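I opened my notebook to look up a few things in this structure. Here is what I wrote down, entry by entry.

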Amino acid sequence: MLMSKTESYGKLKEHFNSMNNVHLRELFADDVNRFERFSVIWEQFLFDYSKNLVTNETLRLLLGLAHESNLSEKIEAQFKGEKINNTENRAVLHTALRNRGNEEVYFEGKDIMPGIRKVLEQMEQFTQDVHNGKFCSYTNIRFTDVVNIGIGGSDLGPKMVCNALKKYSSGKVNIHFVSNVDATDIEETLRKLNPETTLFIIASKTFTTWETLTNANTAKAWFLKSGASTADIAKHFVALSTNHKACNQFGIPSENMFEFWDWVGGRYSLWSAIGLPISLYVGFENFEKLLAGAYKMDSHFRNTPFERNIPVLMAVIGIWYMNFWGFDSHAVIPYDQYLERFSEFLQQLDMESNGKRVSRDGKMLDYSTGPVIWGTIGTNSQHSFFQLLHQGTGTIPADFIAFAQSLNPTDEHHNILMSNFFAQTEAMMMGKNADEVKLELSSGNMTESEIEKLLSHKLFPGNKPTNTLLIDKLTPETLGMLIAMYEHKVFVQGVIWDVNSYDQWGVELGKQLAKSIYPELNHKIKIKSHDGSTNGLINYYNSIR
Ligand code: F6P
């Protein structure tokens with residue numbers, strides 16, 4: 001059902017009218033227990049959502065929206081392998097990949113857990129073999145470097161996780177990620193490497209992605225140029241894919257293939273064989289801990305009443321801002337250097353999933369979906385875009401994420417970092433009003449008229465909503481929880497918006513056009529097959545090459 005047809009939607013519209021002049025300062029002043037009431041402590045997580053423009057009534061209505069969307073049934077349908085990706089006729093079972101319990105998971109009448117465990121065993125064995133030199137170079141040397149070639153979900157997830165878990169690296173291999181078809185990416189990576197000690201992972205669900213295959217062929221040529229033979233390819237290249245035939249054609253034998261299945265979406269695939277670079281980098285035990293963390297979050301999501309359910313609360317609050325307040329952008333600011341790539345990963349997860357304008361059954365939506373997700377780490381972001389968050393004309397809700405314990409506890413660094421972390425959500429919420437600004441300025445040497453001139457520039461409206469996630473420590477387990485939390489948030493929003501979060505038809509048109517333009521480049525003849533601008537650009541490009 002379209003969200004706009006639900007009873008709760010109408011009630012929320014009305015409720016919004018009573019909320020849009022409320023200031024967060026007042027909400028806190030009216031309720032001394034607001035923090036306790038609007039926060040959840042679960043495992044190593046504290047989720048504080050009290051600095052949001054919500055009351056009990058708002059949450060009651062938002063959760064009503066979730067119930068009217070049959071969220072509980074839809075959660076079960078996903079976990080139980082129903083083909084909820086209706087436009088591709090596929091199930092969505094990334095949760096089975098991290099099922100650490102004994103439950104069977106059925107897809108088309110067959111338990112898929114034995115197949116999943118078999119690939120995990122293969123990954124474990126391979127990780128050990130690479131680490132101890134049993135799987136070694138064609139010249140019998142231990143591999144020192146692993147290059148993962150993939151793009152989108154076959155790159156962003158494992159790259160983000162390897163970066164986040166750098167501190168947990170086994171130290172056995174260096175890891176590199178090549179994704180862009182711009183040759184600079186692969187050239188700059190290979191320049192530093194020795195073909196004799198480099199292992200390539202070709203990660204592609206479909207094994208048809210143009211960028212990945214182009215990079216894989218360049219890597220193969222580089223390897224062969226070093227004096228290796230075609231038969232040696234099998235010793236230096238492995239594939240993570242659902243497409244056996246294409247892997248074999250590339251020269252990778254089936255025993256060097258780590259399979260996964262079409263019920264694993266690209267952007268949800270880091271839990272599958274696509275996680276092999278993670279296992280090689282931080283060790284299989286840590287990869288298992290990542291899975292275990294995600295499994296805990298799955299159980300929380302599946303079994304906790306919506307009132308205390310972290311992904312559900314995050315999702316409905318996001319919908320409140322997107323559809324009732326019109327805040328169509330959402331920032332994610334981790335205060336941890338290791339999460340440098342986290343927002344980039346979330347962009348694909350969220351925007352490729354919910355950037356949709358028609359409902360599951362193809363009807364045009366009469367409301368917005370899919371906010372723009374963006375952000376980067378604090379404190380760096382404070383010195384770039386925070387000006388706009390605090391004093392810009394719009395409102396951008398944000399998630400602030402930090403860890404209580406630092407993995408690098410050097411001097412006062414962590415307390416300074418955390419002071420900034422706490423200060424920013426306080427500043428966004430409280431702002432600074434005219435009386436406060438005047439008081440501050442009058443304690444200096446300024447005259448009344450100087451103060452008046454500067455006043456409006458120094459005002460902070462506040463009332464900028466934030467979620468805070470304060471997590472005990474960055475570990476493989478808590479990282480697994482965090483990623484799974486966002487996956488479920490995206491799912492819940494997709495359910496309420498009534499979109500299929502698991503297809504991505506919107507990426508196809510550009511791919512098709514690129515294929516048709518490619519043969520037109522470097523031509524002497526004038527290209528006339530496109531619109532005026534595209535023809536003009538191609539012809540100019542050809543003329544200056
Ligand atoms: O272009 C979008 C996309 O299909 C993503 O959804 C996917 O993660 C990426 O391309 C890579 O696809 P593959 O793993 O098949 O190479």
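How do the residues of the shell around the ligand divide into nonpolar, polar and charged? I get two nonpolar, nine polar and three charged. For this I count Ala, Val, Leu, Ile, Met, Phe, Trp, Tyr, Cys and Pro as nonpolar, Asp, Glu, Lys and Arg as charged, and the others, Gly among them, as polar.

A note on the source: this is a predicted model, where local features need pLDDT of at least 70, side-chain atom pairs count only at pLDDT 80 or more, and totals for chains, interfaces and linings use all residues. Residues are numbered from 1 along each chain as its sequence is written, and side-chain values use heavy atoms, with hydrogens and water left out.

**Around the ligand.** I looked up who is near, meaning a heavy atom within 4 Å. There are 14 residues around the ligand, and G153, S154, S204, T206 and T209 come nearest.

S204 has a polar side-chain atom 2.6 Å from a ligand oxygen. G153 uses a backbone N or O atom instead, 2.7 Å from an oxygen of the ligand. K511 places a polar side-chain atom 3.2 Å from a ligand oxygen. Taken alone, the ligand exposes 400 Å², and the protein buries 86% of that (Shrake-Rupley method, 1.4 Å probe).

**Aromatic pairs.** I count 34 of them, pairing rings of Phe, Tyr and Trp (its six-membered ring) whose centres lie within 6.5 Å; planes under 30 degrees apart are stacked, over 60 edge-to-face and the rest tilted. I followed one of these: Y9 and Y367 are tilted, 6.5 Å centre to centre with 50° between the planes. This pair links distant parts of the chain, 358 residues apart: Y9 is in helix α1 (residues 7-19), and Y367 is in the loop between α16 (342-354) and β11 (372-374). Helices (H or I, at least four residues) and strands (E, at least two) are DSSP runs, numbered from the N terminus.

**Backbone notes.** Most residues other than glycine have a negative phi, and most peptide bonds are trans. I found a cis peptide bond between G378 and T379, with omega about 10°. T379 is in the loop between β11 and α17 (386-391). N463 has a positive phi, near 65°, and lies in the loop between α20 (448-458) and β13 (466-473).

How values were computed. Polar contact = N/O pair within 3.5 Å; in protein donor to acceptor, adjacent residues only side chain to side chain.
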